[in-house]
Each structure stands twice: as C-alpha cells, then as structure tokens.
Amino acid sequence: MKKVLFALAAMIALAACGNEQAATPFESSETSNEVTFEVAKNYFFKNDQEIPTSSKITTAEEFGKLFGMATTMGEDGNPTPIDFTKQFVLAIVLPVTDFATEINPQKVEEKGDSLFYTFEVKKGEKQTYKIQPVSIIILDNKYENKEVVLSEDK
C-alpha cells in the first residue's frame, strides 16, 4: 500500500517538473473559461516505455510511441479517433498497480496562458492482476500553446 501511494506521489511530483505545475486553478484572479474536451477510449500505455514527464502530446508519432490501440468487441469497441492536425491530447499515466484504479477527468479551464486540468483518481479493491491506469483527453489545437497545470481533485 505504501509503495503504491509513494509511486502515485512520485508521478504527481514528476508531473510538477518541467513545463507543468501542480497547482490549483484558484490561485489567480483572472476569469476562467471551461474548455470542451473528449475522453479518448480504448488505448493502452506500452509497457516498454517510460511514463512521460509531460502530459501534453502534440504529434501522432509521439502518441504512437507511447500508446497502443485496444480494439474490443461491440459498438464502442474502436479507439477514439484523434486528428493531430486539429487536436492534441493530455495523457495521465500512473505506475503499474494491483489495485483497481480509475482516472476520471473532471474539467479543463482556460485561464490566461494556462490550461488547468482537474482530474480524480479513484482507487478500489486489490486485484489478482496488475494494471497501468491511463486517462487521455482530446482538446482542440487552439489550446496547444497553453501551459498545462494538473490538479488532482481529492
């Protein structure tokens, strides 16, 4: 349990490095606008890759190195299409765990030169197998040059 919490804390700390900051969207007096996004489904993180230090992915080549398609049976079985000429993604990848874990996007807000991405991590019961929790959201390219600030909703 301590290892999983430490790994989650390390992932959040890594996300805070570089161009991204761990902050809350309420630190500024600027007005914010909610940004529309789409959740990408049926993708998995390739196990031979390192967890990215930045959540922003702007090219199909970069995305293809990190993620594979997980087609399943049924009506919604195909991966969500992403057109990197018009869109980019924000991806959160957590360390491998044997606990049922979901990453749920809450909202994306534009405030000045920043995008504040709020998400929730729900941790469930211990499982007999391991998973690598992933959440990918698709945004319009008009927000691509914004600084991304991740904020976990607890």
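## Fold and confidence of a predicted protein

Read along the sequence, the protein follows the pattern α-β-β-β-β-β-α-β-β-β-β-β-β. That comes to two helices and 11 strands, where helices (H or I, at least four residues) and strands (E, at least two) are DSSP runs, numbered from the N terminus. This is a predicted model, in which local features need pLDDT of at least 70 and side-chain atom pairs count only at pLDDT 80 or more, while totals for chains, interfaces and linings use all residues. Residues are numbered from 1 along each chain as its sequence is written, and side-chain values use heavy atoms, with hydrogens and water left out.

The pLDDT is the predictor's confidence in each residue, from 0 to 100. The mean for the protein is 85, and 81% of its residues reach 70 or more. Over residues 1-28 the pLDDT is below 50. Where pLDDT is low, the predicted coordinates should not be read in detail.

| Strand | Residues |
|---|---|
| E3 | 38-40 |
| E4 | 43-45 |
| E9 | 114-131 |
| E11 | 147-152 |

Strands E9 and E11 run parallel and are joined by six bridges; two strands pair if DSSP finds at least two bridges between them. Thr118 stands opposite Ser151 in E11. Five of the six residues of E11 are buried, meaning under 20% relative accessible area with a 1.4 Å probe, protein chains only. In the protein, 39% of the 154 residues are buried.

Asn42 lies in the loop between strands E3 and E4. Its phi is near 70 degrees, a positive value in a residue other than glycine.

Technical notes: Contact means heavy atoms within 4.5 Å. Buried means under 20% relative accessible area, exposed over 50%, partly exposed in between (1.4 Å probe, protein chains only).
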